[in-house]
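This briefing was prepared for a structural reading of one protein model. Please consult the sequence and coordinates alongside the notes.

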Amino acid sequence: MTKLSVNINKIALLRNSRGRNYPDVSAFAERCLSLGADGITLHPRPDQRHARYDDVVALHAVTAAFGRELNVEGFPTSDFMEVVQRVRPAQCTLVPDSPDQLTSDHGWDLIRDADLLRPVIAALKDNGVRVSLFVDVGNQQLALAKQLGADRIELYTEPYAQAFGTPGLKNVLDQFHEAALRANAAGLGVNAGHDLNLDNLPDFLTIPGILEVSIGHALIVECLESGIETVLGRYCASAAGR
Ligand SMILES: CC(=O)[C@@H](O)[C@H](O)COP(=O)(O)O
Ligand SMILES: NCC(=O)COP(=O)(O)O
């Protein structure tokens, strides 16, 4: 069965827009875990515009209390590595984002980036952290990820999300299936994420053996869309004095 890790960057983004602890990121994570999520994902970026490094500490405590996993994603800057090695989450997903990147949009070049990744992966593994590398579906060097010491890869699913609902879907899904098989053949577990949502997830999970999906942006939007009837109804009633 595939595990669902809820990415709560967007909750942190909302919180940061007001400068106080509302919404409460830890309480939201607790709610997700109470409702059945298998884990929590957080992707602190260098400007900490949504997830902050101290959220990693707080969410580690929350996930540990539930016996679930925290997955910390990001580029291995010194600040990022300091907090990950201190907190020791269950999993760290390394992503080749530049500091000012809007959102993740590509995976590692495992040949070009090998010298950067090798010591980082070794340091994480020394701290008992499972390591996953964010990769593009067309990556033909997945065996290198294993040689560098990684345990898993995370397939960047934006191309799948873009193809969903188009005639090209089957071809793209086949490419993801082949990438998962290449990873498994290299001895790597397979995670996936980016722009997965309620509509496109079932077809994606016809690919066997996906260990974990991390989902954030669409999940939060879907919560808003599903929640508006209840909430607005209550506001309207309240405003009408009912
Ligand atoms: C690696 C990945 O695909 C996600 O972590 C995604 O980048 C979410 O990050 P943002 O919430 O910062 O867009
Ligand atoms: N690793 C992907 C992730 O955590 C969530 O991505 P998205 O659902 O916010 O696009």
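The notes below cover an annotated site, a nonpolar core and a pair of helices.

The model is predicted. An unreviewed UniProt entry annotates R45, H50 and T103 as "binding site". These residues span 59 residues in sequence, yet no two of their C-alpha atoms are more than 11.4 Å apart, so they gather at one spot.

**Annotated site**

- H50 lies in the loop that runs between β2 (39–42) and α3 (53–66).
- Because 23 C-beta neighbours fall inside 10 Å, H50 counts as buried, the threshold for that class being 20 or more.
- Apart from residues up to four places away in sequence, H50 touches N9, K10, A12, L13 and N16.
- T103 occupies the loop between β4 (91–94) and α5 (114–126).
- T103 has 13 C-beta neighbours inside 10 Å and therefore counts as partly exposed.

**Nonpolar core**

- In soluble globular proteins, nonpolar side chains tend to be buried together.
- The largest nonpolar core comprises 60 residues, and I8, A145 and I153 have the most contacts inside it.
- Neighbours within four places in sequence aside, the contacts of A145 are L110, L133, A150, I153, A186 and L188.

**Helix pair α3 and α4**

- The axes of α3 and helix α4 (residues 78–87) come within 10 Å of each other and cross at roughly 15°.
- The crossing angle is under 35 degrees, which means that α3 is roughly parallel to α4.
- The crossing of α3 past α4 is right-handed.
- On the α3 side the contact is made by Y53, V56, V57 and H60, and on the α4 side by D79, V83 and V87.

Methods. Residues are numbered from 1 along each chain as its sequence is written. Chains are lettered from A and ligands numbered from 1 in the order in which they are written. This is a predicted model: local features need pLDDT of at least 70, side-chain atom pairs count only at pLDDT 80 or more; totals for chains, interfaces and linings use all residues. UniProt positions are given in the numbering used here, feature names are shortened, and annotations may be inferred rather than shown by experiment. Helices (H or I, at least four residues) and strands (E, at least two) are DSSP runs, numbered from the N terminus. A residue is buried if 20 or more other C-beta atoms lie within 10 Å of its own, exposed if 12 or fewer, and partly exposed in between; C-beta atoms are placed from the backbone. Two residues are in contact if their C-beta atoms, placed from the backbone, lie within 7 Å. A nonpolar core is a set of buried Ala, Val, Leu, Ile, Met, Phe, Trp, Tyr and Cys residues joined through C-beta atoms within 7 Å. Axes are lines fitted to C-alpha atoms, for helices over the stretch in contact, and angles run from 0 to 180 degrees between N-to-C directions. Angles under 35 degrees count as roughly parallel, over 145 as roughly antiparallel, 65 to 115 as roughly perpendicular and the rest as oblique. A crossing is left-handed if the near helix is turned anticlockwise from the far one by less than a right angle, and right-handed if clockwise.
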